Amino acid sequence: MNDTKAKAYAARFGKVLDYIETHLDEVLSVEQLSRIANFSKYHFHRQFAEHTGVSVFRYIQLLRLRQATYRLAFDHGARIIDIALEAGFENPESFSRAFRNTFEQSPSEFRRHPKWETWHARYRFRTPERKQTMEVEIVDFETTRIAVQEHRGPIELLNDTVGQFIIWRKANGLSPVKTSRTFGIAYDNPDTTEPEKFRFDICGEVTGEVPANPQGVVAKIIPGGRCARVRHRGTHTRLGESAIYPLYRDWLPASGEELRDFPLYFHYLNLLPETPEHELVTDVYLPLK
């Protein structure tokens, strides 16, 4: 298969995956999905498995379970029975059985002590690159004071750090999530950094001091200055392919711009688990001289 045909083939699967992500709360049939990709329904099962490494029904189930894990981990007020029904399961028993088979924990065990490393291992399936139209604008970002929960170590454990920051944020009211911006600062590329050396800051905007606290949240600033900004829509798992790598690989060399001595950072305009993954909006900032 030549390169043009291969890209066209991948694009057809991309349409299917996009459709699945935006219709997870609906009944999804093989016949329906094969029509979207313009593939024969008789061969779609095998084509999908060959392209992603999992069956179509397993892929759908994994995405529904992923949304459920966010609710379990970060929304302790949600009842497990409601999470099960929202994930498309008929009853809590079938949800618990599928959950344990996938993550080696019951939903209640995951809520108390999520094994994020096992969780990450379940989502290492193949997916075709889905390019989005990338519109880059140059903006002036104002110096912003932030409260920071520093993550140092494997990216697989980043959600544990996120959980600690949520606890801090709810406990003191210094950075209320509804009125304060939420940021992430990426010091390292997880694809090329040794796991134990990976660094990432989870941040909430503040206006005052950050007193000592049990979670170890500290005060920092995001310095003001010129930035290239691109908006990403959808799951955070595709930030790299749709925004970060194109910024560095394609836009920067052609722009004539030079980078400033501060890491790439993200502004999360909405957040999990309140927002479905396909509706997430994230602004990516690349600091410029």
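1. Let's start with helix α2, residues 30-37, whose buried residues are Val30, Gln32, Leu33, Ser34 and Ala37. Buried here means under 20% relative accessible area, exposed means over 50%, and partly exposed is in between (1.4 Å probe, protein chains only). Those α2 residues pack against α1 (3-22), α3 (44-52) and α4 (56-74), with contact taken as heavy atoms within 4.5 Å. After the helix comes Asn38, which has a positive phi, near 60°.

2. Some ground rules before going on. This is a predicted model, in which local features need pLDDT of at least 70 and side-chain atom pairs count only at pLDDT 80 or more, while totals for chains, interfaces and linings use all residues. Numbering runs from 1 along each chain as its sequence is written, and side-chain values use heavy atoms, with hydrogens and water left out.

3. Now the overall build. The chain has ten helices and eight strands. Its radius of gyration is 20 Å, close to the 19 Å that the globule rule gives for 289 residues, so the chain is as compact as a globular protein of that length. (That radius is taken over C-alpha atoms, and the rule is 2.2 Å times the number of residues to the power 0.38.) Helices (H or I, at least four residues) and strands (E, at least two) are DSSP runs, numbered from the N terminus. Along the principal axes, the C-alpha atoms fill a box of roughly 60 × 50 × 35 Å.

4. Take the contacts between residues at least 6 apart in sequence, and 71% of them join residues at least 24 apart. The accessible surface is about 15400 Å², with 51% of it belonging to carbon and sulfur atoms; areas come from the Shrake-Rupley method with a 1.4 Å probe, and for residues only the protein chains shown count as cover.

5. Arg169 deserves a look. This residue lies in helix α9 (residues 158-172) and is buried yet has no salt bridge, the nearest side chain of opposite charge being Glu205, 7.1 Å away. For charge, Lys and Arg count as positive and Asp and Glu as negative, with His and the chain ends not counted. A salt bridge needs a side-chain nitrogen of Lys or Arg within 4 Å of a carboxyl oxygen of Asp or Glu.

6. What does the Arg169 side chain meet instead? One partner is Thr182, joined side chain to side chain by a polar contact of 2.8 Å. The backbone oxygen of Ser180 also lies 3.4 Å from a polar atom of the Arg169 side chain. A polar contact is a pair of N or O atoms within 3.5 Å; within protein, one must be able to donate a hydrogen and the other to accept it, and residues adjacent in sequence count only if both atoms are side-chain atoms. Thr182 itself sits in strand β3 (residues 182-186) and counts as buried at 8% relative accessibility. Leaving aside neighbours within four places in sequence, Thr182 also touches residues including Cys203, Phe266 and Tyr268.

7. Leu247, in α10 (residues 239-255), is buried, with a relative accessible area of 0%. Not counting residues up to four places away in sequence, Leu247 touches Met134, Val136, Val230, Leu252, Val284 and Leu286. The C-alpha atoms of Leu247 and Leu286 are 8.1 Å apart, though 39 residues separate them along the chain. Asn101, in α6 (residues 92-103), is exposed at 62%.

8. Finally, the salt bridges, 23 in the structure. Glu137 is partly exposed, at 40% relative accessibility. Arg79 bridges to Asp82, the closest N and O atoms being 3.0 Å apart; Arg79 is exposed at 52%, and Asp82 is partly exposed at 27%. Asp18, Glu21, Arg238 and Glu241 are linked in a network of salt bridges.
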